[in-house]
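Here is a brief report on selected side chains. It covers surface charge, a salt bridge and a loop residue.

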Amino acid sequence: GFLCYPDGNGSVAGWIDKITLPETVEIIETAAFAGMRNIKSIAIPSKVTVIDEGVFKNCSNLKTVTIPDSLTEINAMAFEGCYKIKTINQSAQYEIKDKCVIRKKDHALVYVLPQKGKLKIPNGVKTIQRYAFCTCTSSEVTIPASVTHIEDYAFQFIEQQLNCAMKKITVAKKNRVYGSDGQCVYNKKEKTLVAAVADNKGEIVISDKVEYLKEVCSARL
């Protein structure tokens with residue numbers, strides 16, 4: 001395993017600007033690289049299978065992550081506070097399409113790279129995993145008809161001290177499970193709120209098509 005023991009604020013690890021990991025590494029512990037704000041790129045060794053929560057937390061200048069074919073699981077929260085990531089390579093298990101990291105075996109959207117402007121989730125994606133949009137900086141997002149499951153907290157914006165850029169989420173009209181109305185995404189059958197975004201005043205108007213509020217949903221304020 002590999003664990004660097006930074007404090008997450010960078011006071012211990014902030015001076016490190018390069019890490020080369022040996023190919024013998026099989027496990028990278030939670031928060032292993034947290035706070036390394038000078039790191040710009042990192043290559044994950046070929047035996048690692050999981051990128052866990054908080055691994056790259058607050059690596060604010062990280063731009064490139066090279067993943068191996070062995071990698072089978074990516075936790076989106078691994079990239080909390082990483083708003084400069086531009087590139088994650090394709091691998092045997094994952095494809096990168098339109099800034100979306102998609103797991104091939106189940107067509108799950110696991111993470112969206114930060115990008116400005118409008119984002120169209122690629123058609124064919126079936127599941128949007130929790131926290132997939134945790135560092136998303138797109139102003140508008142379009143969900144395709146192929147999506148049949150959106151996990152709780154999928155659109156949750158983690159950095160509450162920052163202004164969320166996303167102001168609109170639209171669902172394709174042919175989607176049988178989900179719909180969008182105004183600032184809301186809702187489950188058509190259950191009539192539950194799935195996600196909502198705030199307007200420029202920080203206000204959210206809940207659609208009258210929503211009848212039930214779940215204990216957890218995604219709200220971007």
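## Negative patch

Patches are built from residues with over 30% relative accessible area and no salt bridge; like charges are joined within 9 Å, and nonpolar side chains (Val, Leu, Ile, Met, Phe, Trp, Tyr) within 5 Å. Asp and Glu count as negative, Lys and Arg as positive; His and the chain ends are not counted. A charge is placed at NZ of Lys, CZ of Arg, CG of Asp or CD of Glu. Areas come from the Shrake-Rupley method with a 1.4 Å probe, and for residues only the protein chains shown count as cover.

Glu29, Asp52, Glu53 and Glu73 form a surface patch of negative charge. Glu73 sits in strand β4 (residues 73-74). Strands (E, at least two residues) and helices (H or I, at least four) are DSSP runs, numbered from the N terminus. Glu73 is partly exposed, at 40% relative accessible area. Buried means under 20%, exposed over 50%, partly exposed in between (1.4 Å probe, protein chains only).

## Basis of the model

The model is predicted: local features need pLDDT of at least 70, side-chain atom pairs count only at pLDDT 80 or more, and totals for chains, interfaces and linings use all residues. Residues are numbered from 1 along each chain as its sequence is written, and side-chain values use heavy atoms, without hydrogens or water.

## Salt bridge

The whole structure holds one salt bridge (a side-chain nitrogen of Lys or Arg within 4 Å of a carboxyl oxygen of Asp or Glu). Arg103 and Asp106 make this pair, at 2.8 Å from N to O. Arg103 is buried at 9% relative accessibility. Asp106 is partly exposed at 30%.

## Thr135

Thr135 lies in the loop between β10 (127-128) and β11 (140-143). Thr135 is buried, with 0% relative accessibility. Beyond neighbours within four places in sequence, its contacts include Phe79, Cys82, Tyr111 and Pro114 (heavy atoms within 4.5 Å).
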